[in-house]
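Thanks for coming. I have one structure to go through today, so please look at it on the screen while I talk.

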Amino acid sequence: MRTLDFAPLYRSTVGFDRMISLLDQATRIEPSTTWPPYNIEKVADDAYRITMAVAGFTPDEIDLTQHDTVLQVTGQKGGQDGERAYLHRGIATRPFRQTFNLADHVKVTGASLDNGLLTVDLVREVPEAFKPRRIAIAGATSPIGQDNGHPQVEDRAKAA
């Protein structure tokens, strides 16, 4: 695969560093991003859901942390495997760390673990200051000192 050089974008843009860094990061394939498997869904206009298959983990062994625009999901299995003698071990319980880059104003609203699936609900809450707003256009009233013609016609009719 060919490596892309994003240096020209850094030289010719201002304020897009985060987006260019995300593009640069997306071109690098890391083996840790393949496990555990996960889905990302858009459930509404401003609502998303991440579902991760974490069979064998309990809620106490999974940690969710959001720092600014980064959501990090980590899993560390407890030390109880020494008690068991496995003939075949097909359920992976190795530690994992999965990082998701979130857009501005996206926040985690809840998480649940059910039947081996970790579900993380997210919502984009754009502050009122950043939402589009309708601006009223004035013009129905005339400015002071402007003559619209109607009073002059009445004045001329009275003078005649």
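Asp-46 has a relative accessibility of 35%, so Asp-46 counts as partly exposed. Keep in mind that this is a predicted model. The side chain of Asp-46 forms a salt bridge with that of Arg-124, at 3.3 Å from N to O. Asp-46 sits in the loop between strand E1 (38-44) and E2, and Arg-124 in strand E7, 78 residues apart. Arg-124 is partly exposed as well, at 28%.

How many salt bridges does the whole structure have? The search finds three. Another one joins Arg-49 and Asp-121, with the closest N and O atoms 2.9 Å apart. Arg-49 is in strand E2 and Asp-121 in strand E7, so this pair ties together parts 72 residues apart in sequence. Then there is Lys-77 with Glu-61, at 3.1 Å from N to O. Here both partners are buried, because Lys-77 has 17% relative accessibility and Glu-61 has 14%, and the cut-off for buried is under 20%.

Now the core. The largest nonpolar core has 15 residues, and Met-52, Leu-71 and Val-73 have the most contacts inside it. Strands E2, E4, E5 and E7 each give two or more residues to this core, and E7 gives the most, with three. Val-73 touches, among others, Met-52, Phe-100 and Leu-118.

Last, the second largest pocket, with about 160 Å³ of space. E2, E5 and E7 each give two or more residues to its lining. That lining has eight nonpolar residues, one polar and one charged.

Terms used. Residues numbered from 1 in each chain as written. Predicted model: local features only at pLDDT ≥ 70, side-chain atom pairs only at ≥ 80, totals over all residues. Heavy atoms only, no water. Core = buried A, V, L, I, M, F, W, Y, C linked by side-chain atoms within 4.5 Å. Buried < 20%, exposed > 50% of the residue type's maximum accessible area, 1.4 Å probe, protein only. Helix = DSSP H or I, 4+ residues; strand = E, 2+ residues; numbered from the N terminus. Contact = heavy atoms within 4.5 Å. 1 Å grid on protein atoms, 1.4 Å probe; cavity = no way out; pocket = protein on both sides within 12 Å on 5 of 7 lines; lining within 4 Å. Points joined across faces, edges and corners; volume = space filled by probe spheres on them. Nonpolar A, V, L, I, M, F, W, Y, C, P; charged D, E, K, R; others polar. Salt bridge = Lys/Arg side-chain N within 4 Å of Asp/Glu carboxyl O. Lists of a residue's contacts leave out its neighbours within four places in sequence.
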